[in-house]
Amino acid sequence: MKAPVVTPVRVVIALCLVAPFVALLWVGSYAKTDPVFAGIPFFYWYQMMWVLLSTALTMVAFKLWQRDQRARRSHPSQDGGASA
Amino acid sequence: MKDGVNGVALAVFIVFFLAVTVMGFLASRWRRAENEHSLDEWGLGGRSFGTWVTWFLLGGDLYTAYTFVAVPAAIYAAGAAGFFAVPYTILVYPLIFTFLPRLWSVSHRHGYVTTSDFVRGRFGSKGLSLAVALTGILATMPYIALQLVGIQAVLDVMGVGGGENTNWFIKDLPLLIAFGVLAAYTYSSGLRAPALIAFVKDTLIYIVIAVAIIYIPIKLGGFDEIFAKADEKFTAAGAGGLVPPEAGQWTYATLALGSALALFMYPHSITATLSSRSRDVIRRNTTILPLYSLMLGLLALLGFMAIAAGIKVTNGQLAIPQLFETMFPDWFAGVAFAAIGIGALVPAAIMSIAAANLFTRNIYKDFIKPDATPEQETKVSKLVSLLVKVGALAFVLTMDKTVAINFQLLGGIWILQTFPALVGGLFTRWFHRWALLAGWAVGMLYGTVAAYGVASPTQKHFGGSSKEIPGIGEIGYIGLTAFVLNLVVTVVLTLTLRAAKAPDGVDETSPEDYTADAGDPGVQVELPPATAGAGAGH
């Protein structure tokens with residue numbers, strides 16, 4: 001019984017890593033000044049907020065990945081070490 | 001600019017500089033291993049750094065003095081367009097998370113010191129490895145030169161740069177001293193010196209940013225006031241603005257993406273990564289490195305503050321040092337200048353080590369003296385690190401600053417062209433070595449020609465890094481267009497070559513090599529001295 005390469009957990013990890021790309025490369029979605037926060041136009045605080053969001057997402061990905069790897073290591077025969 | 005020398009600021013600056021110099025020389029004793037005469041020791045700090053040291057080292061490495069001066073300078077000049085540095089540094093981390101642990105593993109298994117080592121081992125092609133090495137060296141040299149430009153900006157504002165009519169030697173003496181000292185401790189301590197100094201650098205930078213972001217807006221009447229004044233200026237000038245216009249959005253996105261892809265192709269980022277102790281150190285770092293992005297974002301806002309504070313400089317690079325001198329009391333301005341100055345030393349040291357490693361491993365050992373011992377390798381590397389710095393110094397002193405900036409711009413475009421060979425190679429061996437080489441050549445050529453053709457109001461050539469993307473019609477980052485072209489050529493030629501059954505090089509790596517972690521067989525926390533020189537598997 002071999003664990004599949006694509007599992008729901010790995011899909012979540014991939015989504016966590018892809019999300020910042022979608023959000024930040026879609027410049028049209030945030031190229032505006034309103035709403036202003038603490039005097040700072042939206043364009044600026046939104047991107048800075050994404051620093052924190054993407055950090056949180058990467059952290060989730062890291063934890064999930066660690067769990068995934070540990071699970072696979074405890075059943076070494078299931079996965080031939082083929083992990084990213 | 002105030003007249004004459006700012007004595008208090010200068011004194012504070014010198015004190016910090018001396019402290020850092022002492023640390024640099026003492027660093028060779030820090031976590032010293034038994035065999036100090038191997039390239040692993042001198043050039044990678046014994047591959048022993050944990051999460052925090054790696055964090056400081058990478059931060060000190062990637063967020064350079066030039067970044068601190070240039071990012072706010074871009075905002076000062078153009079507004080929103082300069083802010084792409086923030087999404088750029090956000091996108092870097094998911095990328096690192098995905099591919100660097102694999103590079104770390106395979107490098108530890110096979111004793112690779114540079115990216116070219118890996119490319120040669122993976123594709124069995126010295127030609128491809130040479131292309132990657134040369135690109136790396138070419139891209140790094142102007143980057144080192146720009147660190148000097150950063151120090152120069154600070155020295156100028158402190159009034160020790162001398163006037164136009166001072167003798168050139170007196171004028172450049174402070175810079176010469178700073179670089180002499182840097183060269184000496186890099187030579188003796190290797191990567192340990194910048195790793196240790198990075199602590200001081202980052203602490204200073206964080207203090208300065210924290211103070212600047214609270215103190216300056218209070219003095220200027222709050223962020224509302226700052227952005228209102230900036231908006232006024234951009235409207236009056238008819239250029240730039242607080243948000244990128246519709247037409248500038250492609251440029252913004254492609255610059256962010258292209259720069260993010262390029263960053264970890266730079267030899268100095270790889271050097272700092274390979275010096276870490278385990279795979280997890282790298283992944284854990286991607287969750288704490290974004291702190292620097294936050295700092296960069298705040299720093300970028302200083303560009304608007306410079307406008308609001310009425311700073312008028314013809315050389316945009318001086319805007320931020322000038323803002324500090326105007327707004328801060330002298331002693332704190334000294335701390336801020338020290339932060340920028342030391343911020344130049346750390347990356348300059350790492351970059352020169354990285355370039356030296358490339359030369360030694362992939363040109364000297366592969367082409368000139370294949371039987372070099374680890375001692376000889378280390379010796380050559382140390383000497384080359386000196387040469388690289390002297391070269392950068394000569395570059396800055398003899399040529400116009402814009403030349404260094406132009407080359408740095410080109411360097412970014414060039415280094416991105418090594419992405420398919422390196423990252424492609426980490427995940428698949430499908431790409432053919434000749435196709436990769438051809439793709440690289442096409443990307444380099446297109447990028448160089450396209451950048452040459454960009455004119456700006458002040459320059460006829462190399463006036464910027466964006467140009468119309470053929471076939472799409474939007475303005476985009478040249479590096480990314482060249483990269484796409486490179487990829488297309490590589491894929492098409494690989495298909496052709498595979499169909500023609502062109503011979504593949506020998507792959508010395510195996511699939512397990514890419515996931516090996518510290519503690520696994522064949523991967524030791526401290527590599528045995530022999531591995532570094534033997535380049536295991538040859």
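1. A38(A) is exposed, with 9 other C-beta atoms within 10 Å. By the criterion used here, a residue is buried if 20 or more other C-beta atoms lie within 10 Å of its own, exposed if 12 or fewer, and partly exposed in between, with C-beta atoms placed from the backbone. A38(A) is not a glycine, yet its phi is positive, at about 50°. The residue sits in the loop between α1 and α2 of chain A; helices (H or I, at least four residues) and strands (E, at least two) are DSSP runs, numbered from the N terminus.

2. This is a predicted model, in which local features need pLDDT of at least 70 and side-chain atom pairs count only at pLDDT 80 or more, while totals for chains, interfaces and linings use all residues. Residues are numbered from 1 along each chain as its sequence is written, and chains are lettered from A and ligands numbered from 1 in the order in which they are written.

3. The loop between α1 and α2 of chain A also holds P35(A). The peptide bond joining D34(A) and P35(A) is cis, with omega at about 0°.

4. Chain A as a whole contains 2 helices and 0 strands. Of its 84 residues, 25% are buried. Among the contacts in chain A with a separation of 6 or more, 57% come from residues 24 or more positions apart; two residues are in contact if their C-beta atoms, placed from the backbone, lie within 7 Å.

5. The contact between the chains takes 30 residues from chain A and 34 residues from chain B. On the side of chain A that touches chain B, the elements giving two or more residues are α1 (8-25) and α2 (42-74) of chain A. The largest share of that side, 12 residues, comes from α2(A). Its residues divide into 20 nonpolar, 9 polar and 1 charged, where Ala, Val, Leu, Ile, Met, Phe, Trp, Tyr, Cys and Pro count as nonpolar, Asp, Glu, Lys and Arg as charged, and the others, Gly among them, as polar.

6. F83(B) has contacts in both chains: Y44(A), Q47(A), I75(B) and A300(B), not counting residues up to four places away in sequence. F83(B) lies in the loop between α4 (65-78) and α5 of chain B. With 27 C-beta neighbours inside 10 Å, F83(B) counts as buried.

7. Helix α5 (residues 85-110) of chain B packs with helix α14 (residues 290-308) of chain B at an angle of about 175°, their axes being 9 Å apart. Axes here are lines fitted to C-alpha atoms, for helices over the stretch in contact, and angles run from 0 to 180 degrees between N-to-C directions. The angle makes α5(B) roughly antiparallel to α14(B), given that angles under 35 degrees count as roughly parallel, over 145 as roughly antiparallel, 65 to 115 as roughly perpendicular and the rest as oblique. On α5(B), the residues involved are A85(B), V86(B), T89(B), I90(B) and Y93(B), and they meet P290(B), Y292(B), S293(B), L296(B), G297(B) and A300(B) in α14(B). The residues of this contact divide into 8 nonpolar, 3 polar and no charged.

8. In helix α6 (residues 115-123) of chain B, 9 of the 9 residues are buried, so the helix is largely enclosed by the rest of the structure. These buried residues pack against α5, α7, α12 (267-274), α16, α19 (419-427) and α20 (433-452) of chain B. Just after α6(B), G124(B) takes a positive phi of about 60°.

9. Helix α7 (residues 126-158) of chain B has 33 residues, which at 1.5 Å a residue should span 48 Å; its end C-alpha atoms are 49 Å apart, which agrees. The expected span is 1.5 Å times one less than the number of residues in the helix. Since 27 of the 33 residues of α7(B) are buried, this helix too is largely enclosed by the rest of the structure. Just after α7(B), G159(B) has a positive phi of about 90°.

10. The largest nonpolar core has 205 residues, and those with the most contacts inside it are A145(B), A256(B), A300(B) and I342(B). Such a core is a set of buried Ala, Val, Leu, Ile, Met, Phe, Trp, Tyr and Cys residues joined through C-beta atoms within 7 Å. Helix α16 (residues 330-368) of chain B gives the most to this core, with 21 residues. A145(B) touches A392(B), F395(B), V396(B) and A404(B), not counting residues up to four places away in sequence.
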